[in-house]
Every structure is written in structure tokens, then in C-alpha cells.
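Subject: Structure for your review

Dear colleague,

Please find below the structure that I am handing over to you.

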Amino acid sequence: MHTIAFYNLENLFDALLTESTRDLDFTPEGSRKWTPRRYQRKLERLASVIGTIGLEESGKPPVLLGVAEVENGAVVQQLLDTPPLNGYNYGYVHYNSPDDRGMDTALIYSRDHFKVLKSQPIPLLLEASNGEPEATRDILYVQGELNGQVLHIFVNHWPSRRTGNLESDYKRLLAAKTIISFMDGIEAEFKEPSYVVMGDFNDGPTAESVQALMDTDKLYNPMQDLYSRSRGSVRYRGSWNLFDQIMLSKGFLTDRKGGHRYIGANIFDEAFLKEAKGKYKGTPFRTYRGGGYKGGYSDHFPVYVQLMLDS
């Protein structure tokens with residue numbers, strides 16, 4: 001059995017000032033007093049989580065892990081150099097995106113099971129209300145072989161709801177249409193390609209943007225069955241939401257010799273990842289809350305799916 005997971009790491013920034021991005025807050029002199037010691041604690045916490053996702057079911061950590069909110073490739077490598085992850089043969093794919101806050105996505109993969117064939121960032125071309133280009137995160141595309149089966153993987157961190165739903169819905173719908181268009185190109189080359197579309201979509205499974213992907217009839221969203229008012233991957237404006245999702249092509253639902261078969265999906269919301277008491281009991285134990293340092297993990301829970309290789 002193999003685990004594929006996604007985790008929004010909540011501002012995995014080093015403590016260095018980078019002139020090309022707005023990361024002053026994440027320096028010792030910035031508003032968050034982000035020190036090398038706090039950064040190291042963050043790395044250790046996140047590494048401990050990643051090393052246990054799917055471990056109980058499969059006996060090993062994820063073979064593929066999409067991540068969001070990483071500052072650059074260096075922080076991804078430093079995460080992989082942190083125990084227990086340094087004991088696994090992990091590599092990663094990352095590109096610097098045009099996001100002005102320096103937030104990128106990346107794909108972490110087990111070199112023992114996955115071979116990268118090609119990769120590229122897919123620009124999400126947005127316009128601000130004044131008609132000027134609006135910088136945001138690229139969509140990361142990786143083509144590779146998981147135990148010999150070719151997968152087409154999209155790692156996403158779609159535009160946020162910060163400006164309100166009505167003002168931002170079209171941006172996430174455009175992200176969906178961008179993926180659909182890219183899939184058309186893949187299908188001109190591959191017959192019945194195997195897709196993995198994962199990320200923080202800033203929309204739940206029933207949103208118009210996510211449904212646009214479903215309407216292609218190319219994907220199955222196992223997160224739909226996990227969606228409820230009492231559980232989610234992130235607490236947003238007082239309510240649980242399942243913004244973090246992993247969608248699979250429908251071929252994973254059938255037995256295919258030499259391919260992988262879908263087994264199940266879950267939210268990795270173990271007790272140690274939650275606030276233990278107080279007003280926010282049961283919600284993600286965050287690194288910061290209300291501007292104050294809490295020393296937790298992330299404001300999101302990871303999500304994961306599990307596949308069985310049919311030989």
C-alpha cells in the first residue's frame with residue numbers, strides 16, 4: 001500500500017530577508033519575530049507529522065507529498081534533512097512562483113518508488129481590477145512513474161478568499177479551467193492518462209471551481225465523502241472546511257494489472273495536531289494565532305489517499 005498526501009505547511013519561511021519577496025515579517029526584526037530557533041522548531045514539527053502520515057496503514061511515510069506555502073527550494077531541502085525525513089530517500093520538485101509573498105508549492109517524492117520524467121510550472125494568468133497582471137502561485141505539474149505507472153500530478157494552491165468570495169471566485173474557476181486545458185494537451189499524447197490533482201483549493205468539494213474539474217468526467221474526488229460540518233482540514237471563519245483535497249482519475253477505481261487501485265482517503269487530524277484546550281480546542285495547532293507565536297504545526301491538517309499496486 002502507498003500513501004499520497006497533501007499538506008499546507010503554513011508559512012514555511014526561513015529567517016532570512018529576501019529582497020524579491022515580501023518576507024520581512026518572517027525575520028528576527030519583523031512583526032512575527034521569526035528567529036532561526038523558531039524556524040528549526042517548525043522544521044522538526046512538520047517533519048514529525050510527515051513521517052507519520054499513512055504510517056499506520058502502509059508501514060511507511062508518503063511516497064508522494066504535495067506541499068504549499070514554502071518559501072523556496074532551500075526550505076524544502078532543509079525539511080527533508082530533518083529527522084525522521086532524513087532517513088528516507090526523498091527528493092523534491094520546486095519552482096519559484098511569481099507570488100509576491102514568496103509562497104510556492106512543491107512535490108516531495110520517494111526516490112525508491114517514484115521517478116520524475118518531466119515537470120514545469122503552469123502560470124495562472126490573473127488580472128487585477130485595474131487590468132494589470134496579478135501575481136499568484138503557479139500550478140506545479142510533474143509527470144513521473146510511480147512503481148512504473150506514469151502519473152500526471154498537479155500541485156495547487158489556488159487564490160485565497162481574503163478579498164471575499166464574490167471578488168475571488170472567478171480566480172479559482174480560472175485555475176480549474178487552466179488545469180482542464182492542460183489536460184487536453186496531455187490527452188493528445190497519452191491514452192487514458194492517470195491524474196492526481198491535489199492542493200489547497202481554497203474551495204470545498206461542492207464549490208463551482210472544484211465541480212468544474214468534476215464536470216470533465218475525468219476525475220473522482222474521494223474527499224467528497226469526508227466533507228461534513230463537524231470535520232475538515234482547516235477552520236475558516238468559525239466553520240470547518242475541506243479546502244485541502246486530492247482528486248484521482250477514475251482509472252484508479254478499477255483493477256489494472258501493473259497499476260494502482262484506490263483504497264481509501266482520510267484527513268490526518270490526529271490529536272497531537274490539535275489545540276488541546278480553550279476556545280480553539282480541536283482546531284489545528286498553529287504556528288501563529290492572532291499574531292501571537294504558539295509554536296504549533298500548521299493551520300491546516302494534511303489529507304491523504306492510499307493506493308494498492310496490482311501486479
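Aspartate 310 is buried, since its relative accessible area is 14%, in a model that is predicted. Its side chain meets that of arginine 261 in a salt bridge, at 3.0 Å from N to O. Aspartate 310 belongs to strand E18 (residues 303-310) and arginine 261 to strand E15 (residues 259-267), so that the pair links distant parts of the chain, 49 residues apart. Arginine 261, at 25% relative accessibility, counts as partly exposed.

Other salt bridges

The count of salt bridges comes to 14. Another of them joins lysine 42 to glutamate 10, with the closest N and O atoms 3.8 Å apart. Because lysine 42 lies in helix H1 (residues 36-50) and glutamate 10 in strand E1 (residues 2-12), this pair ties together parts that are 32 residues apart in sequence. Lysine 42 counts as buried at 2% relative accessibility, and glutamate 10 counts as buried at 3%. Glu10 and Lys42 also belong to a network of salt bridges in which they are linked with Arg286 and Asp299.

A further salt bridge is formed by aspartate 184 and lysine 218, whose closest N and O atoms are 3.3 Å apart. Aspartate 184 is in helix H4 (residues 165-187), whereas lysine 218 is in the loop between helix H5 (208-214) and strand E11 (219-220); the pair therefore ties together parts that are 34 residues apart in sequence. Which of the two residues is buried, and which is partly exposed? Aspartate 184 counts as partly exposed at 43% relative accessibility, while lysine 218 is buried, with a relative accessible area of 19%. The cut-off matters for lysine 218, because buried means under 20% relative accessible area.

Helix H4 also holds threonine 178, which is buried with a relative accessible area of 17%. Leaving aside residues up to four places away in sequence, threonine 178 touches Ile122, Pro123, Leu124 and Ile139.

The sheet that includes E1, E15 and E18

Six strands form an open sheet of mixed pairing, in the order E3-E4-E2-E1-E18-E15. Strand E3 (90-94) and E15 stand at its edges with a single partner strand each, so one side of each has no neighbour in the sheet. From one strand to the next, the twist averages 20°. E1 and E18 run antiparallel and are joined by five bridges; threonine 3 has glutamine 306, in E18, as its bridge partner.

H1 packs on this sheet, where it touches E1 and E2, and its direction makes about 160° with that of E1. H1 has 15 residues and reaches 21 Å from its first C-alpha to its last, close to the 21 Å expected at 1.5 Å a residue. Its buried residues are Tyr39, Lys42, Leu43, Arg45, Leu46, Ala47, Val49 and Ile50. What covers the buried residues of H1? The cover includes E1, strand E2 (64-70) and helix H3 (73-80). H3 itself lies across E1, E2, E3 and strand E4 (104-110), running at about 165° to E3.

Nonpolar cores

The largest nonpolar core has 63 residues, and those with the most contacts inside it are Tyr7, Leu12, Leu64, Leu79, Ile153, Val196 and Ile246. Leucine 79 touches Leu9, Leu12, Leu43, Leu46, Ala47, Ile50, Leu85 and Ile108, not counting residues up to four places away in sequence. Another core, of 23 residues, lies apart from the largest one; among its members are Leu126, Trp158, Ala175 and Val197.

The sheet that includes E5 and E11

A further open sheet is formed by six strands in the order E5-E8-E9-E10-E14-E11, again with mixed pairing. Strand E5 (114-122) and E11 are the edge strands; each has a single partner strand, so one side of each is left without a neighbour in the sheet. Strand E8 (residues 139-146) and strand E9 (residues 149-157) pair in the antiparallel sense over seven bridges. Leucine 146 stands opposite glutamine 149, which is in E9.

Yours sincerely

Definitions and conventions: Residues are numbered from 1 along each chain as its sequence is written. This is a predicted model: local features need pLDDT of at least 70, side-chain atom pairs count only at pLDDT 80 or more; totals for chains, interfaces and linings use all residues. Side-chain values use heavy atoms; hydrogens and water are left out. A salt bridge is a side-chain nitrogen of Lys or Arg within 4 Å of a carboxyl oxygen of Asp or Glu. Helices (H or I, at least four residues) and strands (E, at least two) are DSSP runs, numbered from the N terminus. Buried means under 20% relative accessible area, exposed over 50%, partly exposed in between (1.4 Å probe, protein chains only). Contact means heavy atoms within 4.5 Å. The expected span of a helix is 1.5 Å times one less than its number of residues. A nonpolar core is a set of buried Ala, Val, Leu, Ile, Met, Phe, Trp, Tyr and Cys residues joined through side-chain atoms within 4.5 Å. Two strands pair if DSSP finds at least two bridges between them. Axes are lines fitted to C-alpha atoms, for helices over the stretch in contact, and angles run from 0 to 180 degrees between N-to-C directions.
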